[in-house]
Amino acid sequence: MSSGDRIASTFERLRKEGRAGLVTFVTAGDPDPGTSQQLMERLPAAGADIIELGMPFSDPMADGPAIQAANLRALASGASLIGTLDMVRRFRQNNSDTPVILMGYFNPIYQYGPSRFVTDAVAAGVDGLIMVDLPPEEDEELCDPARTGGLHWVRLVTPTSNEGRLKQVLQNTSGFIYYVSIAGITGTRSAAASSIGEALTEVRKHTQLPIAVGFGINTAEQVRETGEVADGAVVGSAIIREIENNLDESGRAKPELLDQVTGLVSTLSGGLRS
Amino acid sequence: MALTTRNSEPLESYRSGPDEHGRFGLFGGRFVAETLMPLILDLETAYSEAQESPEFQRDFDYYAAHYTGRPSPLYFAKSLTESLGGAKIYFKRDELNHTGSHKINNTLGQILLAKRMGKSRIIAETGAGQHGVATATVCALFDLPCVVYMGATDIERQAPNVFRMKLLGAEIVPVTSGTGTLKDAMNDALRDWVANVADTFYIIGTVAGPHPYPAMVRDFQSIIGRETKEQMFAAEGRLPDTLVACIGGGSNAMGLFHPFLDDPVQIVGVEAGGYGLETDKHAASLTGGRPGVLHGNRTYLLQNEDGQIDDAHSISAGLDYPGIGPEHAWLHDHGRVDYVSVTDSEALEAFKLCCRAEGIIPALEPAHALAHVAKIAPTMDKEQIIVMNLCGRGDKDIFTVADALGVEI
Ligand SMILES: Cc1ncc(COP(=O)(O)O)c(C=O)c1O
């Protein structure tokens, strides 16, 4: 990738700083478009090194209750794939460094049209994609056009990936690896840092790419522990739950939502900066 | 949007799919999370081995005969034929199977495979509860713990089946996400599977899901069509003119259709038209949807412009699904099978007709097929023959029907 590669330069910077990065996940448009935009814009200053932005989908099969609810809140307030790309475009007006990775399920992109999507995503300032329901077997659907078009393809490696599978999974992966620490859905269990460390040693035998670890990381302490064995720690459901905690009875954002959520992100990132 | 079909050569047979990628042309595939991929590949291998195993075939045939009660009769519905005044109507009586529907053909096959693979826990999704009951039944038979995901809405309208499953020892997990129907139950079953990969076998109830499920479930259900062919030759000495079956995900229909796909037989699948295709309350994914990706496969889906999945509606819980098996999507695009739809009220009329004319209380699902039969039979010659898959009995539906007829029971 070119020198304009935000993901590579972010991990380069982190290496110089001698720490792992905080990767934050929020769902685009949750709980409403305005709040979500402002939240995204404040994430880097709060300590997010990389932003994963969820593309809302009606049937998020790999997500637990917290992120399911976030998807439904976003859709109820009018979110769409066009809206998600818009959000990134606006974010880029004031931020040209923080990598933005879109994460989600294939159907909305399939309806939008994969090649048109790649063009529009690159133009909006998206750096990479994480697609939950596109394994290597389906690479020609989006992975191939995305990589040709200039997007990173960040793949999930899981505890069920044996050695043969690992090679296949790593083949078309770029940017970084997302190691899913548990077999399961988002926001439920967490894995012990020691077992993650062992698994990552195995993965590193096969790749030079940075590795971020996610699923079940909720606290600054867990972020710190993860940062000792990985290049990045991904936090999603805990942030989403903080959004949920700051909604009024009718589901609208309370005035303190942004401060509360960015406060949590600062605390989480503190786990990597001490 | 249109991606090229992988198989663009002219067709020698409509029975050759799927290809090695699990595709029926554009449809099918393996759109699942990486965590599940190794399991799905294992399943594919285990299923291919089972297909070659005489022992597996022997077990399947044994339980089909002695437990399910196969072959199911091919019954000439004389009184219905006379009252409609056209083609001869035969019912393939899969409602006489143990547990009351065709679903057991598939659950027997899959549980035998689960045993072969050494799995120790079974999960399933269910809509009408027929697949849940059929799964709970074989789990009781083979002494495996069983967890059934069922939408909260469906739990309410299919109370008898919920109780049946409990009697059989299954744990029922109510699903409240979405509209609390079949699609949501399938989401939660997939979430369970991804979290319990080591010991759990997911028995999918229809010809949908990631490869190899659509082909595997079709194969287990094809016993319906193979028997029908033999029985039809015995009764009439020839092929039928028309086959009709209802379609939720499409398993009873694929089971009847598949052995006839290369024969000169007209084939019709009947989707649930709910309040009518002109409303947004129906479950006709082929006639009212477009290609998309959900639950591990590409197929026709009810969805909005943005690719968000719409809720389906049908009076019949077993047809209340916004998708359809990928092989049907492919047969539709090739024009080999005609797909039509029937509304809630047409299905209710057919339900009543079947009770009165034949003394058979059908499930609301095949009542949809019957409503279409009632439309076409009078337009056909008396020498022509229709076979309809009477794939379930209606005991489970009497509350829904009473409610729709404004009767209190
Ligand atoms: C009696 C009966 N028929 C049909 C169906 C629909 O499923 P399929 O289209 O897979 O046969 C069901 C599903 O629950 C059912 O119970």
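**A ligand between two domains of chain B**

Because domain 1 (23–63 + 103–217) and domain 2 (70–100 + 222–404) of chain B both give residues to the shell around the ligand, the ligand lies between them; the domain bounds come from an automatic or database domain assignment. The model is predicted, so that local features need pLDDT of at least 70 and side-chain atom pairs count only at pLDDT 80 or more, whereas totals for chains, interfaces and linings use all residues. Residues are numbered from 1 along each chain as its sequence is written, chains are lettered from A and ligands numbered from 1 in the order in which they are written, and side-chain values use heavy atoms, with hydrogens and water left out.

The C-alpha centres of domain 1 and domain 2 of chain B are 22 Å apart, and the contact between these domains takes 41 residues from domain 1 and 42 residues from domain 2, where contact means heavy atoms within 4.5 Å.

Around the ligand there are 18 residues, of which B:T206, B:G248, B:G250, B:S251 and B:N252 come nearest; a residue is near a molecule if one of its heavy atoms lies within 4 Å of it. By class, the shell comprises six nonpolar, ten polar and two charged residues, with Ala, Val, Leu, Ile, Met, Phe, Trp, Tyr, Cys and Pro counted as nonpolar, Asp, Glu, Lys and Arg as charged, and the others, Gly among them, as polar. An oxygen atom of the ligand is found 3.0 Å from a polar side-chain atom of B:K103, while a polar backbone atom of B:G248 is 2.7 Å from an oxygen atom of the ligand and a backbone N or O atom of B:G249 is 3.2 Å from an oxygen atom of the ligand. Taken alone, the ligand exposes 390 Å², and the protein buries 97% of that, with accessible areas computed by the Shrake-Rupley method with a 1.4 Å probe. The elements giving two or more residues to this shell are β9 (242–247) and α11 (251–257) of chain B; helices (H or I, at least four residues) and strands (E, at least two) are DSSP runs, numbered from the N terminus.

As to confidence, the predictor gives the complex an ipTM of 0.95 and a pTM of 0.96. Chain B averages a pLDDT of 95, and 98% of its residues score at least 70, pLDDT being the predictor's confidence in each residue, from 0 to 100. Over residues 1–8 of chain B, however, pLDDT stays under 50. Where pLDDT is low, the predicted coordinates should not be read in detail.

How values were computed. Polar contact = N/O pair within 3.5 Å; in protein donor to acceptor, adjacent residues only side chain to side chain.
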